[in-house]
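Hello,

Please find the structure below. My notes on it follow.

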Amino acid sequence: MAPKGKVYRGSVKEFPGFDASQDAEALYNAMKGFGSDKEAILDLITSRNNKQRVEICQAYKSQYGKDLIADLKYELTGKFERLIVSLMRPPPYSDAKEIKDAIAGVGTDEKCLIEILASRTNQEIHDLVAAYKDAYERDLEADIVGDTSGHFKKMLVVLLQGAREEDDVVSEDLVEQDAKDLLEAGELKWGTDEAQFIYILGRRSKQHLRLVFDEYLKISGKPIERSIRGELSGDFEKLMLAVVKCVRSTAEYFAERLYKAMKGLGTRDNTLIRIMVSRSEIDMLDIREVFRTKYEKSLYNMIKEDTSGEYKKALLKLCGGDDDAAGEFFPEAAQVAYRMWELSAVAKVELRGTVQPAGSFNDDGDAQVLRKAMKGLGTDEGAIIEVLTQRSNAQRQQILKAYKAHYGRDLMADLKSELSGSLAKLILGLMLTPAQYDAKQLRKAVEGAGTDESVLIEIMATRNNQEIKAINEAYQEAYNKQLEDDLSSDTSGHFKRILVSLALGNRDEGPENLTQAHEDAKKLADVSSNDSSDSLETRFLSILCTRSYPHLRRVFQEFIKLTNHDVEHAIRKRMSGDVRDAFLAIVRSVKNKPAFFADKLYKSMKGAGTDERTLTRIMVSRSEIDLLNIRGEFMDLFDKSLHRMIEKDTSGDYRTALLALCGGED
């Protein structure tokens, strides 16, 4: 059960009125004769905690002179058997068996070693080492040393000591020194001082390391995870990332492992079983919360969709509940999720584009290269791409003028005539000013039959006051119409009111006001439980569309304190359609704008087909603002590089141009 003073967060609880002898008899009867009553076995075993299961094993041997685990192995088969037998072992012996299997035979299951040794507490490590010795009469450290190598081996040995500091009293000076030492060991050093990473990440307390990671972000402008990916490699890199994730949130680490075990084709059943068994009496409720917040679906439903038979039933019993069901969402997840993006409020992360002004720029020379590329039969798309993707927007505007002065021709018209398809859209987009490009995208979204609300939301929810005002001017100049009028005539209801408010470009730009933030959060919290949906949207609009970003970050934090829910959860629960999507876009933009665009880019390319309009629009519009940051978030969120995904998902000259804008492989 939970340590004194702590709330129990496991999904499997002590069974009331427990009688080991009765349970032993029930299991014996379930396996007696021809066949076995699997339903009775899973119902009984998944509703007892581990201590009670151990007592049942003892009672079974006393009453029948037989080994219960051996009988279960004989009667059951496949994944269901592995799951039930794992539940019968005490946790340290279960971990010992997993590690023994991971290093036995040919090859090593490094992922299993990483998961167990990166996530266990000091006491759990000590118990594991003792259980391994007892079960296999071998030294765990010696076996791991014999089966691994290099810095990966060294870090595993450090973790095996179970000697992480546990003092919650943190020295600010040491925090600053450790952050500085990590920076100097990696980013600021030719090569990498792996020993420094091993010492600090392997020994310091979790509380201390969380503050070190915050300080590292402040002084380096990037999260520690990104530096680890850049400086380390292979299994050592994976191990260090796992340690960092567990320091930040063990529940989030396991939620991510469970999601990856089930997403895509096939299920990694060993991982699924190991985590569901090992966390069922520790933090399964926390894992469920994070899973529901992070992946917008419940762990219960994902297990239900991905498994079958008695195996599925047993896993669902260990899961303990469906967080998609009404009233079941666990609130602490919001606070775990908040900690991951709250740092943006305290760190001044430099926004960086991938396209920089070209050195030794010669507008007339570039104009000549472009003219030559389009003159005569055929077009040299490569030359066009090389020039226009490597110039800043201001330089492209100079090229337009130089081209007209030199040749008396309109470069835009020539490009339109010579290029086609997705490449033409991308290159022509690059030639417009940012405001002209956004104005054109908005115009396309509202003209003709139907409205592309997703484009309206993406642009209007993410641009700052200055950008919005420039868009208004460009729209008026290009179409002789007010943007606000077109938005009003093409949308309706609360969605129209949100867009009109954003189109004014009057968002406050001041710092946070803590007193006002608390009042704003109270308004949102009060109305999120109010039956008046009209009041709900109006109050959200009055705050989300007008307050400054720093202030809104504080509002979201206060909202969590008041309700134990992330504001996104309230929006999803009480709103629908375009209104919900618009408010979610604003919230995500406030939290972490590069992550918002990284998510949109990923969705534009995942699955069958590519949404080239979205891909082009974001790559063009963010290339000089924050595409480098977006690349980093893309890697952090999806464990793959934006460069690689574009390379895999597009082709020809269009791909060449996109990759040039992307600016490099992470």
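**Helices and ring pairs**

This is a predicted model. Helix H33 covers residues 549-563, and at 1.5 Å a residue its 15 residues should span 21 Å; the end C-alpha atoms are 21 Å apart, which agrees. Buried residues of H33 include Tyr549, Leu552, Phe556 and Ile560. The charged residues Arg553 and Glu558 are also among the buried residues of H33.

Next, a pair of helices. H13 (residues 206-220) packs against H15 (residues 234-262) at an angle of about 110°, and their axes are 10 Å apart. H13 and H15 are therefore roughly perpendicular to each other, since angles of 65 to 115 degrees count as such. On the H13 side the contact is made by Lys206, Leu209, Arg210 and Phe213, which meet Val244, Cys246, Val247, Arg248 and Thr250 in H15. By class, this contact has 5 nonpolar, 1 polar and 3 charged residues.

Last, the aromatic rings. The structure holds 15 aromatic pairs. One of them joins tyrosine 28 and tyrosine 60; the pair is tilted, with 6.3 Å centre to centre and 55° between the planes. Tyrosine 28 lies in helix H1 and tyrosine 60 in helix H3, so the pair ties together parts that are 32 residues apart in sequence. Tyrosine 28 counts as partly exposed because its relative accessibility is 26%, whereas tyrosine 60, at 1%, counts as buried.

Phenylalanine 540 and phenylalanine 583 form another tilted pair, 5.9 Å centre to centre and 45° between the planes. Phenylalanine 540 is in helix H32 and phenylalanine 583 in helix H35, so this pair ties together parts 43 residues apart in sequence. Phenylalanine 540 is buried, with a relative accessible area of 0%.

Regards

Note on methods: Residues numbered from 1 in each chain as written. Predicted model: local features only at pLDDT ≥ 70, side-chain atom pairs only at ≥ 80, totals over all residues. Heavy atoms only, no water. Axes fitted to C-alpha atoms, helices over the stretch in contact; angles between N-to-C directions. Helix = DSSP H or I, 4+ residues; strand = E, 2+ residues; numbered from the N terminus. Parallel < 35°, antiparallel > 145°, perpendicular 65-115°, else oblique. Contact = heavy atoms within 4.5 Å. Expected span 1.5 Å × (residues − 1). Buried < 20%, exposed > 50% of the residue type's maximum accessible area, 1.4 Å probe, protein only. Phe/Tyr/Trp six-rings, centres within 6.5 Å; stacked < 30°, edge-to-face > 60°.
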